[in-house]
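Please find below my notes on the structure, arranged as numbered points.

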Amino acid sequence: MAPCMPPCRSPRAILCTVAARVLFIPAFYLAATLGGGPAVIGPLTVLLGLSNGYLTSCSMIEAPLRVPPAAADLAGNTMVLFLILGLCLGAAASFLWLL
């Protein structure tokens, strides 16, 4: 694991890194308005995708470990339910710009 990545075992590190991803919004905005072009927007998109995959994996691994063993299956299933719900709502919201 690269030294710049937060450890998967620290819920605080996962939460802080997820919250820090909000900084992608002004980064994409500046890249689009200042004419960064593909040389800037491409790497930003790659970083966004990698951080999304890594942090989703960390959350999926960590959540069932933080509840009592009897509730671990329920926690895992709940995580998957909300992941799928979020993906579906995000995909549906991507069509709102057509209205």
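**Notes on helix packing and selected residues**

1. The axes of helix 3 (residues 38-65) and helix 4 (residues 72-93) come within 8 Å of each other and cross at roughly 155°. Helix 3 is therefore roughly antiparallel to helix 4, a label given to angles over 145 degrees, while angles under 35 count as roughly parallel, 65 to 115 as roughly perpendicular and the rest as oblique. Axes here are lines fitted to C-alpha atoms, for helices over the stretch in contact, and angles run from 0 to 180 degrees between N-to-C directions. The helices themselves are DSSP runs (H or I, at least four residues), numbered from the N terminus.

2. The model is a predicted one, in which local features need pLDDT of at least 70 and side-chain atom pairs count only at pLDDT 80 or more, whereas totals for chains, interfaces and linings use all residues. Residues are numbered from 1 along each chain as its sequence is written, and side-chain values use heavy atoms, with hydrogens and water left out.

3. The crossing of helix 3 with helix 4 is right-handed; a crossing is called right-handed if the near helix is turned clockwise from the far one by less than a right angle, and left-handed if anticlockwise. On the helix 3 side the contact involves T56, S59, M60, A63 and P64, and these meet A72, A75, G76, M79, V80 and L83 in helix 4, where contact means heavy atoms within 4.5 Å. Sorted by class, the contact of helix 3 with helix 4 has eight nonpolar, three polar and no charged residues. In this scheme Ala, Val, Leu, Ile, Met, Phe, Trp, Tyr, Cys and Pro count as nonpolar, Asp, Glu, Lys and Arg as charged, and the others, Gly among them, as polar.

4. Helix 2 and helix 3 pack with their axes 10 Å apart, at an angle of about 160°, which means that helix 2 is roughly antiparallel to helix 3. The crossing of helix 2 and helix 3 is left-handed. Helix 2 contributes F24, A27, F28 and A31 to the contact, and helix 3 contributes V40, I41, L44, T45, L47, L48 and S51. By class, the contact of helix 2 with helix 3 has nine nonpolar, two polar and no charged residues.

5. How many aromatic pairs does the structure hold? The structure holds one, formed by F24 and F28, with 6.3 Å centre to centre and 35° between the planes, and classed as tilted. F24 and F28 are separated by about one helical turn, because they are four residues apart in helix 2 (residues 24-33). F24 is buried, with a relative accessible area of 16%, whereas F28, at 24% relative accessibility, counts as partly exposed; buried means under 20% relative accessible area, exposed over 50% and partly exposed in between (1.4 Å probe, protein chains only).

6. Helix 1 (residues 11-20) packs with helix 3 at an angle of about 150°, with their axes 11 Å apart, and the crossing of helix 1 and helix 3 is left-handed. Here P11, I14, T17 and V18 in helix 1 meet L55, C58, S59 and E62 in helix 3. The contact of helix 1 with helix 3 has, by class, five nonpolar, two polar and one charged residues.

7. Is E62 buried or exposed? E62, which is found in helix 3, is buried, with a relative accessible area of 5%. Not counting residues up to four places away in sequence, E62 touches C8, R9, P11 and I14.

8. Some further residues deserve a brief remark. P69 has its place in the loop between helix 3 and helix 4 and counts as exposed at 79% relative accessibility. G42, in helix 3, is partly exposed, with a relative accessible area of 29%, and the C-alpha atoms of G42 and C88, 46 residues apart along the chain, are separated by 24 Å. G90 lies in helix 4 and counts as partly exposed at 39% relative accessibility; G90 and V18 are 72 residues apart in sequence and 17 Å apart in space, C-alpha to C-alpha.

How values were computed:
Helices (H or I, at least four residues) and strands (E, at least two) are DSSP runs, numbered from the N terminus. Rings of Phe, Tyr and Trp (its six-membered ring) pair if their centres lie within 6.5 Å; planes under 30 degrees apart count as stacked, over 60 as edge-to-face and the rest as tilted.
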